[in-house]
Amino acid sequence: MALLVLLLLLGSASGSAPGPQWPLQRVPVVWPQRTEERPAPHFLRPAQLELNSSCGPECHKRAPAPSYWDLRQFLSYETLHSSGQLTETAVGIYGFDAEAFYKPPAGRSRSRRQIFGPDSRFSIVGQDFLMNYPFSTAVKLSTGCSGTLVGDQHVLTAAHCIHDGKNYVKGAQRLRVGFLKPRQKETYGRNGTGPGKMKFQWIRVKRTHVPKGWITNTGSANDIGMDYDYALLELKKAHKRRHMKLGISPAAKQLPGKRVQFSGFDNDRPGQLVYRFCEAGDETYDLLYQRCDAQPGASGSGVYTRMWNRRRRRWERKVIGIFSGHQWVDLSGTPHEFNVAVRITPLKFAQICYWIKGNYVDCREG
């Protein structure tokens, strides 16, 4: 716990000299064009908290870049309403530079993660930590995943937490978001130190947006789907907590210490908020392979970092990705495990920001 306190103190320091800076990137426009009603979902299968794929980092890098028309299809989206109504919205893309957009990340790394050795996670205890930013932005989904507050009524999470690639999962129609809250009286051990018991306050979800890039006809996460494993939830009422801003994911080598961090509700530590920070490893344009230990339940957590905003002259934490989970890949008959996060690219930023703001004017800075 002492290490965690030190990290928090270092994170809140406001030295005069700026460190790593948020890169200035042009944000395109993802604009809805037409919306049509679709058949009602089935809500039969439980949420899948771990993904399987035959395509690892090198496989993704060899894949041809999608065309403009492919991207329009991938970024079109479904909206599930709490009434059970399902609609599909086609989008247009404007201000998009294909040449600059698909340059491979500089300074590529070949780091892989197989989880062996000591567990590097921290359970966050004590109301002073749990109820304060940034830990207070972490929420739990009723389907068993985690999410992050990114607006007054919006939660960012993984698509596979509510949709299995073919249909919406059991519980997606009556989806709820849980806010961790302390009980009125904290319980302490004999030495006077110890965590108080926690409980969740639940808020129903009004609408859910899922990109078509995730939705396939195979009923499983295909190779393209891994790149689009994200969803946005709109709550029925506003919460009163500070949310975290969205940010376009920098290249791994531009991150402070090449590290990322996130908090979620891992299943092996029920009722606890689990925090971790780790080195970012290999990357593709859409995915980040990192070294964070995690268990099922952490899927959907917002991966974030803290960098200097040169225009506003201040430090800012921003969500730059969504933790997708453990990806098991069969390489020449040998299983390999990767921890995968979906990177927020300029197009994904434009789409998610539009879902939150309802316009593109407020989505120009990532």
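This is a predicted model: local features need pLDDT of at least 70, side-chain atom pairs count only at pLDDT 80 or more; totals for chains, interfaces and linings use all residues.

- Most residues other than glycine have a negative phi, and most peptide bonds are trans.
- F43 isn't a glycine, yet its phi is positive, at about 55°.
- You'll find F43 in the loop between β1 (29-38) and β2 (51-52).
- F43 counts as buried because its relative accessibility is 15%, and the cut-off for buried is under 20%.
- K258 isn't a glycine either, and has a positive phi of about 55°; look for K258 in the loop between β12 (245-246) and β13 (259-264).
- With a relative accessible area of 22%, K258 is partly exposed.
- Y133 and P134 are joined by a cis peptide bond, with omega at about 5°.
- P134 sits in the loop between α5 (127-130) and β6 (138-141).

- Searching the whole structure turns up six cavities of 30 Å³ or more.
- The largest cavity has a volume of about 50 Å³, and P134 is one of the residues lining it, as are F135, M244 and Y304.
- That lining has five nonpolar residues, four polar ones and no charged ones.

**A patch on the surface**
- W31, Y94, Y360 and V361 make up a nonpolar surface patch, with about 380 Å² of accessible area together.
- Y94 belongs to strand β4 (residues 86-94), and Y94 is partly exposed at 40% relative accessible area.

Conventions
Residues are numbered from 1 along each chain as its sequence is written. Side-chain values use heavy atoms; hydrogens and water are left out. Patches are made of residues with over 30% relative accessible area and no salt bridge: like charges are joined within 9 Å, nonpolar side chains (Val, Leu, Ile, Met, Phe, Trp, Tyr) within 5 Å. Accessible areas come from the Shrake-Rupley method with a 1.4 Å probe; for residues, only the protein chains shown count as cover. A salt bridge is a side-chain nitrogen of Lys or Arg within 4 Å of a carboxyl oxygen of Asp or Glu. Helices (H or I, at least four residues) and strands (E, at least two) are DSSP runs, numbered from the N terminus. Buried means under 20% relative accessible area, exposed over 50%, partly exposed in between (1.4 Å probe, protein chains only). On a 1 Å grid over the protein atoms alone, a cavity is a set of points where a 1.4 Å probe fits but cannot get out, and a pocket is an open set with protein on both sides within 12 Å along at least five of seven lines; lining residues have an atom within 4 Å of a point. Grid points are joined across faces, edges and corners, and a volume is the space filled by probe spheres set on the points. Ala, Val, Leu, Ile, Met, Phe, Trp, Tyr, Cys and Pro count as nonpolar, Asp, Glu, Lys and Arg as charged, and the others, Gly among them, as polar.
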